[in-house]
Amino acid sequence: MDWVIHYRTLHHLHMGLALTSGALFAVRGAGLLARQRWSQHVALRRLSVIIDTGLLITALRLLWELRLNPFVMPWLQMKLAVLPLYIVLGMCAFKYARQQELRALCYLAALACYGFIVSVALTRSPWGLFTAW
């Protein structure tokens, strides 16, 4: 019984961190596109790193607790495959892209990657939101 409570707590924490991370990314990106200086504030950047670190730690802990090998589970493989793309697109949007149009394109593509990763997690299918089609 204690293990079930521990797992549920860890799982809810992971989901909460994932939603918080995505929401913070979306809000900061919208601020960046609106040329708001607050979106690049050091406190928000650090908060983002803290949240994403917690997200990674809870993901690793869940894998450990459930004895899952992400390299043999197709839905986890998909999440791991899309995650670097999400990170690179986010870095492009926030740091490297100089033209506003390219920033917007990278931001929207990163949001699409995030949404797809969430849909893969919810459906536990590598096709994510495309599972029903």
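How many helices and how many strands does the chain have?

1. Overall architecture. The chain has four helices and zero strands, and its pattern along the sequence is α-α-α-α. Helices here are DSSP runs of H or I with at least four residues, strands are runs of E with at least two, and both are numbered from the N terminus. The C-alpha trace spans about 50 × 35 × 20 Å along its principal axes.

2. Basis of the note. This is a predicted model, in which local features need pLDDT of at least 70 and side-chain atom pairs count only at pLDDT 80 or more, while totals for chains, interfaces and linings use all residues. Residues are numbered from 1 along each chain as its sequence is written, and side-chain values use heavy atoms, with hydrogens and water left out.

3. Burial. Of the 133 residues of the chain, 34% count as buried. The term buried stands for under 20% relative accessible area, exposed for over 50%, and partly exposed for values in between (1.4 Å probe, protein chains only).

4. Packing of H3 and H4. Helix H3 covers residues 74-96, and helix H4 covers residues 100-123. Their axes come within 8 Å and cross at roughly 160°, which makes H3 roughly antiparallel to H4. Axes are lines fitted to C-alpha atoms, for helices over the stretch in contact, and angles between N-to-C directions run from 0 to 180 degrees. Angles under 35 degrees count as roughly parallel, over 145 as roughly antiparallel, 65 to 115 as roughly perpendicular, and the rest as oblique. The crossing of H3 and H4 is left-handed, a term for a near helix turned anticlockwise from the far one by less than a right angle.

5. Two residues of H4. Leu111 lies in helix H4 and is partly exposed, at 24% relative accessibility. Between the C-alpha atoms of Cys113 and Leu66, 47 residues apart along the chain, the separation is 25 Å.

6. Nonpolar surface patch. Leu83 is also one of the residues of a nonpolar surface patch, together with Phe71, Val72, Leu80, Ile87, Met91 and Tyr96. The patch has about 700 Å² of accessible area in total, computed by the Shrake-Rupley method with a 1.4 Å probe. Patches are made of residues with over 30% relative accessible area and no salt bridge; nonpolar side chains (Val, Leu, Ile, Met, Phe, Trp, Tyr) are joined within 5 Å, and like charges within 9 Å. Phe71 sits in the loop between helix H2 (42-66) and helix H3, where it is exposed at 61%.

7. Salt bridge. The structure holds one salt bridge, defined as a side-chain nitrogen of Lys or Arg within 4 Å of a carboxyl oxygen of Asp or Glu. Glu65 forms it with Arg61, the closest N and O atoms being 2.7 Å apart. The two residues are four apart in helix H2, and therefore about one helical turn separates them. Glu65 is buried at 15% relative accessible area, whereas Arg61 is partly exposed at 39%.

8. Backbone points to check. Most residues other than glycine have a negative phi. Arg35, however, has a positive phi of about 60°; this residue is in the loop between helix H1 (2-33) and H2 and is exposed, with a relative accessible area of 63%. Arg124 has a positive phi of about 55° and lies in the segment after H4.
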